[in-house]
Amino acid sequence: MSEKQKDFIRIRGVSKLFGDFVAVDNVNLDIGRGELFSILGGSGCGKSTLLRIMAGFETPTAGTIEIDGVDITHLPPYERPVNMMFQSYAIFPHMTVEDNIAYGLRKDRVARPEVTARVDDVINLVKLGEFRKRKPEQLSGGQRQRVALARALIKRPKVLLLDEPLAALDKKLREHTQFELMAIQDQLGVTFIVVTHDQEEAMTLSSRIAVMEKGCFLQVGEPKEIYEYPTSRFVADFIGTINMFEGTVTQLGDETIIVNSAEAGTNLHALGDHAVEVGQHVCIAVRPEKIFISRDEPENADDIKVRGVVDDLGYFGNLSLYRVRLSSGKVIQVSSQNRQRSAKRFVEWEDEIWVSWRPRSAVVLRD
Amino acid sequence: MAAVKQRDWWERVTIAVPYLWLLVFFLLPFAIILKISLADPVIAQPPFTPTFDEQGSLSITADNFLFLLTDKLYAVTYLKSIVMATAATILCLALGFPMAFGIARSAPSTRGVLLLLIILPFWISFLLRVYAWMGLLNNYGVINNMLIWLGVIDQPVRLLYTDFAIFIGLTYSYLPFMVLPLYATLERMDIDLIEAAQDLGASRTEAFWDVTWPLARAGVIAGCLLVFIPAMGEYVVPYLLGGPESLLIGRVLFDEFFVNRDWPLASAVTIMLLLLLVAPIVFMQRNQAREIDAQQ
Ligand SMILES: Nc1ncnc2c1ncn2[C@@H]1O[C@H](COP(=O)(O)OP(=O)(O)OP(=O)(O)O)[C@@H](O)[C@H]1O
Ligand SMILES: [Mg+2]
């Protein structure tokens, strides 16, 4: 089967209540075979709970989960074709690295020579060779993370669940490990579901991302799609930086809508067949890198142009960040690539400038 | 240099304190007991012969120990004490483990209350609590009345003044000493470990034996020692709840000392008891030391 199975995991109407508290709220989701799928959300939004439901540690209050066509909703954890890497790693402190990794196979009564061979394989995969006889407390944080990964991978699960796999590592190691994780996933072709609250991590790692808030999925899509076409204020704000202009729809064209925004001090055009009505309150959102700065009025008549004053600027090597105060008093962020090498800045503090962007760079967000 | 010296000095002082404590309150009394155990009983004040006679030469005897080793009564009593203490320790462990586990896994708000309930009996005199058991166990006590009322039996069953009563009494008295150290180890244990074991294919029972039990070992050992050692020498429980024929070593000790006023023999009984208790402690300590070595 060369065609990737799109609904390898099918989550249908899954909810979880703790008393009155809704931790997971009617989640529907398909995940394809071999995907590296991220669930992204702030603290307490229900990410871990959803993962624990998939692993079998929580029973959903409603809904079903199927993996590879088999309903696993009511299977105990030890009968699921799923393994989990815990946020705390949960390495058995009384066993050596080797015994930790072999544990899953021993529980399955796999023959001893095969256990040895497979342990060797995974230990090589995660580069733990010289540590195999050690006890967990003699390992560094990064090494423990590898033990946890190896232990969860050795049973060749259909799905590997990873709860904040990199959160306990320092920044440098985290970036390095990210790529290793991706390489291992690519090599084994196992479906990974990664929970994270780090949006950069989710953007780099994943084939697709689900953004979660208060137990609900707000948006599911490829990283680029989520970044460029957020469908809600929460998602737009949560992923990267974005400028938002509140306003009211005044005119609807075939492809464009016109929004009157006091915050921008002008009418804003945006593209798209958005399901909005005249008079509706909406928000126009523009990413900082989609906005241009110029000293003179931009010539292109279609562009949205607003006057402003440079409030603050910062030089970050590859790019410059500007904070621009518009005449309405609203401060927006603009970023631009430093393409030319020059010691002289082309704008300075308190310079009067123009900011402009293409209508199709703007996203219309309803409430 | 001066700072290092000062630290050395402090280290010595802090180490010296427990050693001094042991010397004054353990080793010294032990030496006195040992000395008495090697004397002959006399009707005098004190009721034993001095270690050195008038000529200043050493006058000691191993008679008391020989008597202990040759008289079958003592061997039987020691054995019975060991059996009783072991049985009580096992029952305490069987009851205490689930209790400690339950408390450790309960919500933090209820945990305090449950722990308080475990400690609460200590607020009432030990003697009173054992008396209360006499009220529960006697022929017209709560338990017999209840069983008759339920129709399980029609004649009262003799519960009080039996080995069974001693067994119940010991278990009841020392259960908190099992629960508390077990709770301390189980509470520290990460619940993720059990879930990880289940995730990797272990059933609940397997996860218990593979993860919970080995990680609770330190608590199990501490709890068992805290129950077994005092249960071995227990006097009040067998005296109040046991029959005249249920001779345990604590009671024999008391009788030799206060009834027969045979201090040398009583001291010999004590020394033997101590030897019997030291064996398991040394064994456990060795075990623990080896484990710590292995971990390092
Ligand atoms: N066993 C439980 N009983 C009651 N409430 C719970 C329980 N487990 C989780 N919750 C609640 O459900 C919500 C979601 O918890 P969850 O652990 O899924 O959050 P999370 O998204 O993983 O957060 P974090 O990023 O901090 O790990 C939280 O508000 C939490 O308090
Ligand atoms: Mg979590």
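Q: Helices (H or I, at least four residues) and strands (E, at least two) are DSSP runs, numbered from the N terminus. Which of them each supply at least two residues of the shell around ligand 1?

A: One caveat first: this is a predicted model, with local features needing pLDDT of at least 70, side-chain atom pairs counting only at pLDDT 80 or more, and totals for chains, interfaces and linings using all residues. Residues are numbered from 1 along each chain as its sequence is written, chains are lettered from A and ligands numbered from 1 in the order written, and side-chain values use heavy atoms, leaving out hydrogens and water. Now, a residue is near the ligand if one of its heavy atoms lies within 4 Å of it. Here strand S2 (21–31) and helix H1 (47–55) of chain A each give at least two shell residues, and H1(A) has the largest share with 3 residues.

Q: How many residues surround ligand 1, and which are the closest?

A: There are 13, the closest being Ser43(A), Gly44(A), Lys47(A), Ser48(A) and Thr49(A).

Q: What does the contact take from chain A and chain B?

A: With contact meaning heavy atoms within 4.5 Å, the contact takes 25 residues from chain A and 20 from chain B. About 2,000 Å² is buried between them, 54% of it on carbon and sulfur atoms; that is accessible area (1.4 Å probe) lost on putting the two parts together, summed over both.

Q: And how many salt bridges are there between chain A and chain B?

A: Side chains of opposite charge can pair when their charged atoms come close. The rule wants a side-chain nitrogen of Lys or Arg within 4 Å of a carboxyl oxygen of Asp or Glu. Between chain A and chain B the count is 4. In one, Lys107(A) pairs with Glu206(B), the closest N and O atoms being 3.6 Å apart. On chain A's side, H1, strand S6 (82–85) and helix H2 (97–107) each supply at least two residues touching chain B.

Q: What does a salt bridge of Arg10(A) tie together?

A: Arg10(A) pairs with Glu66(A), closest N and O atoms 3.3 Å apart. Arg10(A) sits in strand S1 (residues 9–18) and Glu66(A) in strand S4 (residues 62–67) of chain A, so the pair ties together parts 56 residues apart in sequence.
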